[in-house]
Amino acid sequence: MSFLLLFKDELKGFYKSKVMIFLWIGLPLLALFLHISISNDAEGFESISLITSLIVSNIGGLLSSVMLSVNIINEKDTRVYDLFLIRPIKRWHLLVSKFLAIYLCVSVACILAISLGIMIDYFESQLILDLIIDGVIESFIMSLCVIAISSAVGILIGVVAPSIVVGVILVIFVGNYVSTIPSIIPFVFSMENTVGIVLILGIAITIILMFLGIFLFNKKEF
């Protein structure tokens, strides 16, 4: 089985899940709810676009991490990976295909929710489109970094956690803190070019976590 077939199979499984349907529908509805319940500030600090970006990164990252960890733990418990021993499949293909599939699905949810936030800001709040887009691009990059790290955390926890309960607890109490590291460091050390630093840190942390998860997965006996 090729990597592309694995990816398509994982993608099909994730985008048909109830959690993903909730993200695609729920996050845009949440953006609409925030618009109704929160008064927007003309300077954009409280704009629905920026608030939606923050909500998307937290909810999307947490759910992607939980979905991945639970998925991997379930497959370990049901001894699904035993079947792959008789097939010419590289183990890292299994994890990377899961990571890319969930990351793509959650990113679509991000785009839908943030796009709705942009439209609400533009048509209802009469904010300047350039001002909205400048703020949203930064928030969107941060959101994607958080989701990438959270997904990598989900992969790692899924590999090492002995049970679903332990995996979910680790995701909630560890994953959330790890995923916010790139967003916090530039502000703590008063660094310039915040977006660039967040992007670099996000990519680096994601690669490290994925490498560690793949390494430990390769060491396991199925």
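Two rings of Phe, Tyr or Trp, the last taken by its six-membered ring, form an aromatic pair if their centres lie within 6.5 Å, and planes over 60 degrees apart count as edge-to-face. The model on display is predicted, and a search of the whole structure finds three such pairs.

Select tyrosine 81 and phenylalanine 217 to begin. Their ring centres are 5.2 Å apart and their planes stand at 80°, so the pair is edge-to-face. Tyrosine 81 belongs to the loop between α3 (48–77) and α4 (91–124), whereas phenylalanine 217 belongs to helix α8 (residues 194–219); the pair therefore ties together parts that are 136 residues apart in sequence. Tyrosine 81 and phenylalanine 217 are both buried.

Proceed to helix α1, residues 3–15. Its 13 residues reach 18 Å from the first C-alpha to the last, close to the 18 Å expected at 1.5 Å a residue. Colour Leu6, Phe7, Glu10, Leu11 and Phe14, which are buried in α1. These residues cover an arc of only 130° around the axis, which puts them on the same side of α1.

Finally, colour the protein by pLDDT. The average is 81, and 83% of the residues score at least 70. Confidence is highest in α8, at 91, and lowest in helix α2 (residues 18–37), at a mean of 77. Select residues 40–46, over which pLDDT stays under 50; the model has 15 contacts beyond four places in sequence for them. Where pLDDT is low, the predicted coordinates should not be read in detail.

How values were computed. Residues are numbered from 1 along each chain as its sequence is written. This is a predicted model: local features need pLDDT of at least 70, side-chain atom pairs count only at pLDDT 80 or more; totals for chains, interfaces and linings use all residues. Side-chain values use heavy atoms; hydrogens and water are left out. Helices (H or I, at least four residues) and strands (E, at least two) are DSSP runs, numbered from the N terminus. The expected span of a helix is 1.5 Å times one less than its number of residues. Buried means under 20% relative accessible area, exposed over 50%, partly exposed in between (1.4 Å probe, protein chains only). The arc is that of the directions from the helix axis to the C-beta atoms. Rings of Phe, Tyr and Trp (its six-membered ring) pair if their centres lie within 6.5 Å; planes under 30 degrees apart count as stacked, over 60 as edge-to-face and the rest as tilted. pLDDT is the predictor's confidence in each residue, from 0 to 100. Contact means heavy atoms within 4.5 Å.
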